[in-house]
Amino acid sequence: MLPAGDPASLARSYPGPLLPRSESPEIRRERDELEAQVRACLLRHGTPEDLWTYAQTCNGRDDYEILERLAALPRPTPRSAAARSRLLS
């Protein structure tokens, strides 16, 4: 389980999927679990900056829920516009 106390550090330190080319069942399970935990933590506790950082990873780039949150920011920003654009493509 990942600590929820510092989502900014989590977002900055998460480079993307664990060993993305590995087809080992154990690695795939760990990769999926880690990704789910990172994503859940950021959705629950992350700031727009943390969500944007995650949205730059290969899995975050097309994550509908992450992009939807960014697109719905109350004040339009270049990042919310980029999120809206990704949602439309």
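Start by selecting Arg39, which is partly exposed, with a relative accessible area of 25%. Keep in mind as you go that this is a predicted model.

Glu65 counts as partly exposed, at 32% relative accessibility.

Stay on Glu65 and bring in Arg69. These two also form a salt bridge, with the closest N and O atoms 3.9 Å apart. Because Glu65 and Arg69 are four residues apart in helix 4, about one helical turn separates them. Arg69 is partly exposed too, at 37% relative accessibility.

Arg39, Asp63, Glu65 and Arg69 are linked in a network of salt bridges.

For another pair, move to Glu23 and Arg28, whose side chains meet in a salt bridge at 3.5 Å, N to O. Glu23 counts as exposed at 55% relative accessibility, while Arg28 is partly exposed at 36%. The count of salt bridges comes to five.

Finally, select the whole of helix 2, residues 25–45. Its 21 residues reach 30 Å from the first C-alpha to the last, close to the 30 Å expected at 1.5 Å a residue. Color its buried residues: Arg31, Glu35, Gln37, Val38, Cys41, Leu42 and Leu43.

How values were computed. Residues numbered from 1 in each chain as written. Predicted model: local features only at pLDDT ≥ 70, side-chain atom pairs only at ≥ 80, totals over all residues. Heavy atoms only, no water. Helix = DSSP H or I, 4+ residues; strand = E, 2+ residues; numbered from the N terminus. Expected span 1.5 Å × (residues − 1). Buried < 20%, exposed > 50% of the residue type's maximum accessible area, 1.4 Å probe, protein only. Salt bridge = Lys/Arg side-chain N within 4 Å of Asp/Glu carboxyl O.
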